[in-house]
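Here is a short briefing for a first look. Keep the sequence and the 3D view open while you read.

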Amino acid sequence: MSHHYSGPNIGFPRGDARLDLTDLYAFPKPGDPGKSILIMNVHPSVGLNPPGPTTSEPFAPEARYELKIDTDGDAVANITYEVRFASVEGGEQTATLRRFEGAVGTVVVEGVPVSTGRQGHVTQAGDHRFFAGWRSDPFFFDVLGTLNNFQFTSGEFFRDKDTCSIVLEVANSLLGPKEVGLWARTLIPTHSAGGGWIQADRGARPNQTPFLAGEQNDAYLAGEPADDARFVPVFAHALEHTGGYSSEEATRVAGKLLPDLLRYDPKRPAAFPDNGRGLLDDVSDVFLAILTNGKVTGDNIGPHADFLDEFPYLGPPHIVRSK
């Protein structure tokens, strides 16, 4: 189910929906191939375990939301976009975006409104355009059918659901001259004497952790892409069990799924799994075919119809949260 409900038992990381990374997208800006659109979605509006709506506060003010960019192929970030959010005051929340190259950070936009209604607040700052707030969840999948032994009869679970989106438009020159590796993560304070941060969730490729990480889910969510080789046996075991792969073939396929990076060359059209991820890419069909070794090739669900033709591209939320 993409990266929704990536905590234990189809729940939320650390029990907080606001920390739950749901999807990562990267594609060239329509009509302007010199720029790219990067989307980090978090906080599903509805949970499975426990079931029901989540909090109306979009983002956790104590958390850090980061988009990591590896420009030299070593699965270690060279560039980071960090978003921090203020506490809700008077029903409103504000966001500050920083760009880091190594340890050096600069403020891109500061104190801009988080959108809760149908009209999104967009901020332009030099080579960046920025949006944060509630949007229609773009992910499409028959989640309940997957949980029912791949019997896809339940329909599109996310069609009327919302998520919280961080959307960036950046000049390709800011990403480097070649293919990059992308991932996103959420962090919370340790509250220990020495301070510091704990990684609550992370991901890049869709549909990795809910089915493949198993009992090592916590370790995986707290890990770094550069160390993902240690999870190849865990992924391979799931592929053998679910897809009937041989041990050798399962290890080979698992090795292609890790490290957990979304590879993106802004000079090429986006098409998952080869390059980035567009909003219309049917990533669930790709995942099902891999997980089941070709026995299941789709869930009969197609993209939503509420995307916008302009920034931030994601449709307005289905529910307007009061300010």
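The side chains of Arg-18 and Glu-57 meet in a salt bridge, at 2.5 Å from N to O. Arg-18 lies in the segment before β1 (21-29) and Glu-57 in the loop between β4 (51-53) and β5 (64-70), so this pair ties together parts that are 39 residues apart in sequence. Both Arg-18 and Glu-57 are buried. Note that this is a predicted model.

**Salt bridges**

- The structure holds 20 salt bridges.
- Side chains of opposite charge can pair when their charged atoms come close.
- Arg-321 pairs with Asp-162, and the closest N and O atoms are 2.6 Å apart.
- Arg-321 sits in the segment after α6 and Asp-162 in strand β11 (residues 162-171), so the bridge ties together parts that are 159 residues apart in sequence.
- Arg-321 has a relative accessible area of 11%, so the residue is buried, under the 20% cut-off.
- Asp-162 is buried too, at 1% relative accessibility.

**A charged network**

- Arg-185 forms a salt bridge with Glu-224, with 3.3 Å between the closest N and O atoms.
- This pair links distant parts of the chain, 39 residues apart: Arg-185 is in strand β12 (residues 180-189), and Glu-224 is in the loop between α3 (217-221) and α4.
- Arg-185 counts as buried at 11% relative accessibility, while Glu-224 counts as partly exposed at 30%.
- Salt bridges that share partners join Arg-185 and Glu-224 with Arg-64, Glu-66, Lys-68, Glu-82 and Arg-98 into one network.

**Helix α4**

- Helix α4 covers residues 232-243, 12 residues in total.
- From its first C-alpha to its last, α4 reaches 16 Å, close to the 16 Å expected at 1.5 Å a residue.
- Buried residues in α4 are Val-232, Val-234, Phe-235, Ala-236, Ala-238, Leu-239 and Gly-243.
- Gly-244 follows α4 and has a positive phi, near 70°.

**Cavities**

- A search of the whole structure finds 3 cavities of 30 Å³ or more.
- The largest cavity has a volume of about 70 Å³.
- Ten residues line the largest cavity, and Arg-205, Pro-206, Leu-257, Phe-287 and Ile-290 lie nearest its centre.
- Helix α6 (residues 283-291) gives the most to this lining, with 4 residues.

**Surface patch**

- Ile-10, Leu-144 and Leu-147 make a nonpolar surface patch of about 230 Å².
- Leu-147 belongs to helix α1 (residues 143-147).
- Leu-147 is partly exposed, with a relative accessible area of 43%.

Definitions and conventions
Residues numbered from 1 in each chain as written. Predicted model: local features only at pLDDT ≥ 70, side-chain atom pairs only at ≥ 80, totals over all residues. Heavy atoms only, no water. Patch = residues over 30% accessible without salt bridge, like charges linked within 9 Å, V, L, I, M, F, W, Y side chains within 5 Å. Areas by Shrake-Rupley, 256 points an atom, 1.4 Å probe, with all protein chains shown as cover. Salt bridge = Lys/Arg side-chain N within 4 Å of Asp/Glu carboxyl O. Helix = DSSP H or I, 4+ residues; strand = E, 2+ residues; numbered from the N terminus. Buried < 20%, exposed > 50% of the residue type's maximum accessible area, 1.4 Å probe, protein only. Expected span 1.5 Å × (residues − 1). 1 Å grid on protein atoms, 1.4 Å probe; cavity = no way out; pocket = protein on both sides within 12 Å on 5 of 7 lines; lining within 4 Å. Points joined across faces, edges and corners; volume = space filled by probe spheres on them.
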